[in-house]
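User: I would like to go through a structure with you, one topic at a time. Could you bring it up, please?

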Amino acid sequence: MNNRQSLQIASRKQPQQARSTELVAAILQAAAQVLAKEGANRFTTARVAERAGVSVGSVYQYFPNKAAILFRLQSDEWQQTADMLRDILEDMRKPPFERLRSLVHAFIQSECDEAEMRVALNDAAPLYRDAPEAQAARSSSDRAMTVFMQEVLPHASKRTRALAGDLITTTLSKVGKHFSESRRTPAEIRAYSNAMADMFCGYLKGLEEAAAR
C-alpha cells in the first residue's frame, strides 16, 4: 500500500463544546487563507497554526496531518455544493426545467466566486482523492440528481437516466472549472449559464420525447 492510500485523512475527533467548535472553525478559516495565499505545495500545518494563532499541538488534536485539513476543506466544499444542488432540485414550487436553469446559474456563479480556492484544492487532491472518505463524500451529491432525472424522464430507462445525470453533472463540473479560470462579469456568467441550461433542457426534452413514443 502506498503512502497516498494509507494516509489518514479523517479528523481525529469532533469538537463537543462551543470552545472547541470555535477552535476548529478558526483552524479551518486559517487553513483556507494559507491555501489561497501559499498554494498546495507550501501548505503546512505549522503555517496554519501560526495563521490561526494557536499551537501546532492544538491543530493536531483534531487533524492528524495537513492532508486531513485539506480534505476537510474539500469535503466542506463538496457538502455545500451538494446542499445547494439538493435545495434547488427539490424545490417543487418551481417547474423542473426552471429548477435546472437555476441550478446551472448557481453552480457557474459559485465556480467563479471560489475559483482560486477550487484551483488550490484541486492541486492538493492527490493527497486524498483515492481515499474511501473522499469517495463517500462525492457520492452524496449524486442522490438529488438521480431523483430529478426520475421526475423529468419518467418514460426513460434507468440506464438512460443515469447517463443523462452523469453527463449533466460532469459537464457542469468540467465546463464550470474551465469557464471560471478567467475573471467573468455578471453578464458573462448569466449568458453562459443560460446557454448551458438551454442545451441541457433541450437534451432532456429530446430524451423524454423519444422514450415516450
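User: Which residue just after helix 3 takes a positive phi?
Analyst: That residue is G53, with a phi of about 75°. Please bear in mind that this is a predicted model.

User: Staying with helix 3, which of its residues are buried?
Analyst: Helix 3 covers residues 45-52, and its buried residues are T45, V48 and A49. These residues lie on the same side of helix 3, because the arc they cover around the axis is only 95°.

User: Let us step back. How many helices and strands are there in the chain?
Analyst: The chain has 11 helices and 0 strands. Its pattern along the sequence is accordingly α-α-α-α-α-α-α-α-α-α-α.

User: And what percentage of the residues is buried?
Analyst: Of the 213 residues in the chain, 37% are buried.

User: Now helix 6. What span does it reach from its first C-alpha to its last?
Analyst: Helix 6, residues 96-113, reaches 26 Å over its 18 residues. That is close to the 26 Å expected at 1.5 Å a residue.

User: Which residues are buried there, in helix 6?
Analyst: The buried residues of helix 6 are R99, L100, L103, V104, F107, I108, S110, E111 and C112. For C112, the relative accessible area is 19%, and the cut-off for buried is under 20%.

User: Since a cysteine has come up, how many disulfides does a search of the whole structure find?
Analyst: The search finds 0 disulfides. As for individual cysteines, C201 is buried, at 6% relative accessibility, and C112 is buried as well.

User: On to aromatics. How many aromatic pairs turn up in the whole structure?
Analyst: The search gives 1 aromatic pair. Its members are F179 and Y192, which are stacked, with 4.1 Å centre to centre and 20° between the planes. The pair links distant parts of the chain, with F179 in helix 10 (residues 158-179) and Y192 in helix 11 (residues 186-212), 13 residues apart.

User: Is F179 buried or exposed?
Analyst: F179 is buried, with a relative accessibility of 4%.

User: Over the ring of which residue does the charged end of K205 sit?
Analyst: The ring is that of F97, and the charged end of K205 is 5.2 Å from the ring centre.

User: Next, charges on both sides. How many salt bridges does the structure hold?
Analyst: There are 8 salt bridges in the structure. One of them joins D198 and R101, whose closest N and O atoms are 2.7 Å apart. Because D198 lies in helix 11 and R101 in helix 6, this pair ties together parts that are 97 residues apart in sequence.

User: What is the exposure of D198, and what is that of R101?
Analyst: D198 is partly exposed, with a relative accessible area of 45%. R101 is also partly exposed, with a value of 30%.

User: Which residue does R93 meet in a salt bridge?
Analyst: The partner of R93 is D91, with an N to O distance of 2.8 Å. In this pair R93 is exposed, having a relative accessible area of 76%, whereas D91 is buried at 14% relative accessibility.

User: And what does E181 form a salt bridge with?
Analyst: E181 pairs with K177, and the closest N and O atoms are 3.3 Å apart. K177 is partly exposed, at 39% relative accessible area.

User: One last topic, contacts across the sequence. Where does A82 lie?
Analyst: A82 lies in helix 5, residues 66-89, and is buried, with a relative accessible area of 6%. The C-alpha atoms of A82 and D142 are separated by 8.0 Å, while the two residues are 60 residues apart along the chain.

User: And where is the place of P95?
Analyst: P95 is in the loop between helix 5 and helix 6. It is partly exposed, with a relative accessible area of 45%. P95 and V152 are 57 residues apart along the chain, and their C-alpha atoms are separated by 9.9 Å.

Notes: Residues numbered from 1 in each chain as written. Predicted model: local features only at pLDDT ≥ 70, side-chain atom pairs only at ≥ 80, totals over all residues. Heavy atoms only, no water. Buried < 20%, exposed > 50% of the residue type's maximum accessible area, 1.4 Å probe, protein only. Helix = DSSP H or I, 4+ residues; strand = E, 2+ residues; numbered from the N terminus. Arc of directions from axis to C-beta. Phe/Tyr/Trp six-rings, centres within 6.5 Å; stacked < 30°, edge-to-face > 60°. Lys NZ or Arg CZ within 6 Å of the ring centre and 35° of its normal. Expected span 1.5 Å × (residues − 1). Disulfide = S-S within 2.5 Å. Salt bridge = Lys/Arg side-chain N within 4 Å of Asp/Glu carboxyl O.
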